[in-house]
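Biologist: Can you walk me through this model? Keep it short, please.
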Amino acid sequence: MSTLCVHRLHTGRADRTFSHYDGLYPGHIITTPFQKALLAVGSGVVALQDPYRHDMVAVLGETTGHLVLINLRDRMRNDPEGYTVLTERPKIRLSTLDLEKMASLPDGSFGREYLRFLEDNEVTPDSRAEVKFVDDEELAYVMLRYREVHDLMHTLLGMPTNMLGEVAVKWFEAAQTGLPMCALGALLGPLRLNTRRLQSLFTSLGPWALQNGWQARCVLSIFYERRWDQSLEELRRELKIQPPPVDFTKRRKNGR
């Protein structure tokens, strides 16, 4: 029943149901606390069954992360660069990226490595869903920004998009942001790993991801769009992110 409620509120029918309200931002769907609870439970059940249902993961994050979003917003406000991000509100979409310029950047630059990540893993920033259920316009942008920099975290952390890489990124994001959906993914993601990858997670990748998440500068406070030509290694040092203990790039080249 909860799953059905999620579907109805997350599809076009929800837009028609609430069309007589003035939303706080384009796409905003007004929901009561009870409806948010139903959405959280239903989306959580679906996300547990299929962690690749990004739409359900998105709903879960929006309906459970209000207090954490306030904290993240305040961290951004108290950082000069983060304040600029909040003020100018850049968006990471194919329409806003100069792909030709990024492709011309030297190997090792942040922009070139991010573009390589997109190409190698056949992903696009346009797949990130718009925010719908956050009842504050500024907090909605903070949530959107978190989604849009997720692939940048993969690039910064050197993690692939397989299950082990996703879990490692979730461990980092859980420590860095405190978002409940990240914590849930960090706790339950390992259940889908085989023994060899579990060992890798618990002995090296996991502790590394947690330590970096705790010590790193707020990753939402970085105006990445102005740092494409910066060295990836230099950006890591600035953010206090240590290089990954496992080089997945070499593994791909070796066919492993």
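Biologist: What does the accessible surface of the protein chain come to?
Modeller: This is a predicted model. The accessible surface of the protein chain comes to about 12,700 Å². Carbon and sulfur atoms hold 55% of that surface.

Biologist: And what percentage of the residues count as buried?
Modeller: The chain has 256 residues, and 50% of them count as buried. Buried here means under 20% relative accessible area.

Biologist: How many helices and how many strands are there?
Modeller: There are 15 helices and zero strands.

Biologist: What about contacts between residues 24 or more positions apart?
Modeller: Take the contacts in the chain with a separation of 6 or more. Residues 24 or more positions apart account for 72% of them.

Biologist: Let's look at helix pairs. At what angle do H11 and H13 cross?
Modeller: Roughly 30°. H11 covers residues 163-177, and H13 covers residues 195-215. Their axes come within 8 Å. That makes H11 roughly parallel to H13, because angles under 35 degrees count as roughly parallel.

Biologist: Is the crossing left-handed or right-handed?
Modeller: H11 passes H13 in a right-handed crossing.

Biologist: Which residues make the contact?
Modeller: On H11 they are Leu164, Val167, Ala168, Trp171, Phe172, Ala175 and Gln176. On H13 the list includes Leu201, Phe202, Leu205, Pro207, Leu210 and Trp214. Arg197 of H13 takes part too.

Biologist: How many of those are nonpolar, polar or charged?
Modeller: The contact of H11 with H13 has 13 nonpolar residues, five polar and one charged.

Biologist: Next pair. How do H5 and H6 pack?
Modeller: H5 is residues 66-77, and H6 is residues 80-88. They pack at an angle of about 110°, with their axes 6 Å apart. H5 and H6 are therefore roughly perpendicular to each other. The range for that word is 65 to 115 degrees.

Biologist: Who touches whom there?
Modeller: Arg73, Met76 and Arg77 come from H5. Gly82, Tyr83, Val85 and Leu86 come from H6. The residues of this contact divide into four nonpolar, one polar and two charged.

Biologist: While we're at H5, is leucine 67 buried or exposed?
Modeller: Leucine 67 lies in H5. Its relative accessibility is 68%, so leucine 67 counts as exposed. The cut-off for exposed is over 50%.

Biologist: How far is leucine 67 from leucine 139?
Modeller: Their C-alpha atoms are separated by 9.9 Å. Along the chain, leucine 67 and leucine 139 are 72 residues apart.

Biologist: Where is glutamate 122?
Modeller: In the loop between helix H8 (110-121) and helix H9 (137-148). Glutamate 122 is exposed, with a relative accessible area of 74%.

Biologist: And what is phi for lysine 240?
Modeller: Lysine 240 has a positive phi of about 65°, and it is not a glycine. Its place is the loop between helix H14 (232-239) and helix H15 (248-253). At 52% relative accessibility, lysine 240 counts as exposed.

Biologist: Last one. Where does threonine 161 sit?
Modeller: Threonine 161 is in the loop between helix H10 (150-157) and H11. Threonine 161 is partly exposed, at 23% relative accessible area. The C-alpha atoms of threonine 161 and asparagine 121 are 6.9 Å apart. Along the chain, 40 residues separate the two.

Technical notes
Residues are numbered from 1 along each chain as its sequence is written. This is a predicted model: local features need pLDDT of at least 70, side-chain atom pairs count only at pLDDT 80 or more; totals for chains, interfaces and linings use all residues. Side-chain values use heavy atoms; hydrogens and water are left out. Axes are lines fitted to C-alpha atoms, for helices over the stretch in contact, and angles run from 0 to 180 degrees between N-to-C directions. Helices (H or I, at least four residues) and strands (E, at least two) are DSSP runs, numbered from the N terminus. Angles under 35 degrees count as roughly parallel, over 145 as roughly antiparallel, 65 to 115 as roughly perpendicular and the rest as oblique. A crossing is left-handed if the near helix is turned anticlockwise from the far one by less than a right angle, and right-handed if clockwise. Contact means heavy atoms within 4.5 Å. Ala, Val, Leu, Ile, Met, Phe, Trp, Tyr, Cys and Pro count as nonpolar, Asp, Glu, Lys and Arg as charged, and the others, Gly among them, as polar. Buried means under 20% relative accessible area, exposed over 50%, partly exposed in between (1.4 Å probe, protein chains only). Accessible areas come from the Shrake-Rupley method with a 1.4 Å probe; for residues, only the protein chains shown count as cover.
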